Amino acid sequence: MRIFARFVLYRLILRPFLSLIIGVKFPKASAFPEGQFILVSNHNSHLDTVSLLCSLPVKRLGDVHPAAAADYFARNKVMATLCEFFLNTVFVRRKGEGGQVLKPLDELDMHVKSGKSLILFPEGTRGLPEQIVDFKCGAAVLLQRNPHVKLVPVFMIGMGKAMPKGGLPIPSECEIRIGTSSIDDSVRSRPVMELTAFIQDEVLRLKEV
C-alpha cells in the first residue's frame, strides 16, 4: 500500500509537476548505485527531499529514508504519520524527554545496520541558494562504522530560488546532479574531520560539472 501510494505521489504527480512546471532536471535512475548507500546533499529548500525522492528508481522508494529531526517533523502524531507514510522518514531525536540529550548518530547507525539507505543534509538546516556551510560529521562517522555502505554525493542547483524560505514554489532552473559513489578504504579510514571535508568536496565538485 505504501509503495503504491509513493509511486503515485512521486512518479505520477510530483515528478511531472517538478519537471514541467518548476523546471527540475532529474538524473537518470541508473545514476544511483545498487545496494545500500548514504546520500549526502546540499540543502536550500523544502523541495530538496521530495525532489530527491522523485529521482529515485521506483524500486528504491521503500528502502531509502530521509533523516529528519523528530522535534520538528514529528512534533505531533499527524505530521509524524504523514512524514513516515509519504516521505519514508526516519526521525532523529536531538533531545529526549526531560531535556536529556540522546545520541542521534547511534539512532541513524541503527537504521543503517538494519539495511536502510539514508538521505542526509549535513549542513543541518537550509542555507542560502547555491551556498554551502561546513558539513557536520555525521555522514563520515556512519560511513566509517559501516564500511560496506556506499557514498552518493549530490549537488542540487536552483532549489533555493525555486522555493525560498517562507515562499511558494516558482519556476526556475533546477538540476539534481549525482556523483560517483565509491570511496576506497584509504579515504574511509581518514580522521573523521578529514573524511567530512572530503565528502563536502565531493558534493561541491558537482557544482562545477
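This is a predicted model: local features need pLDDT of at least 70, side-chain atom pairs count only at pLDDT 80 or more; totals for chains, interfaces and linings use all residues.
Which residues is Asp 48 in contact with, leaving aside its neighbours within four places in sequence?

1. Asp 48. Leaving aside neighbours within four places in sequence, the contacts of Asp 48 are Asn 42, His 43, Phe 121, Met 156 and Met 159. Asp 48 lies in helix 2, and helix 2 comprises residues 47-55. The residue is buried, its relative accessible area being 1%. A further relation across the chain concerns Ile 176: its C-alpha atom is separated from that of Asp 48 by 9.3 Å, although the two residues are 128 residues apart along the chain.

2. Geometry of helix 1. This helix covers residues 2-22 and spans only 26 Å between its end C-alpha atoms, whereas a straight helix of 21 residues would span 30 Å at 1.5 Å a residue. The helix axis bends by about 40° at Leu 14. After the helix comes Gly 23, which has a positive phi, near 105°.

3. Packing of helix 1. Ala 5, Arg 6, Tyr 10, Leu 18 and Ile 22 are buried in this helix. The helical elements against which the buried residues of helix 1 pack include helix 2, helix 4 (77-87) and helix 7 (159-162). Among the packing partners there are also two strands, strand 1 (24-25) and strand 7 (174-178).

4. Ser 117. This residue belongs to strand 5, which runs over residues 117-120.

5. Helix 5. Within residues 104-113, the buried positions of helix 5 are Glu 107, Leu 108, Asp 109, His 111 and Val 112. These buried residues pack against strand 2 (37-41), strand 3 (64-69), strand 4 (90-92) and strand 5, and also against helix 6 (138-145). Just after helix 5, a positive phi of about 105° is found at Gly 115.

Note on methods: Residues are numbered from 1 along each chain as its sequence is written. Side-chain values use heavy atoms; hydrogens and water are left out. Helices (H or I, at least four residues) and strands (E, at least two) are DSSP runs, numbered from the N terminus. The expected span of a helix is 1.5 Å times one less than its number of residues. The bend at a residue is the angle between axes fitted to the seven residues ending there and the seven starting there. Buried means under 20% relative accessible area, exposed over 50%, partly exposed in between (1.4 Å probe, protein chains only). Contact means heavy atoms within 4.5 Å.
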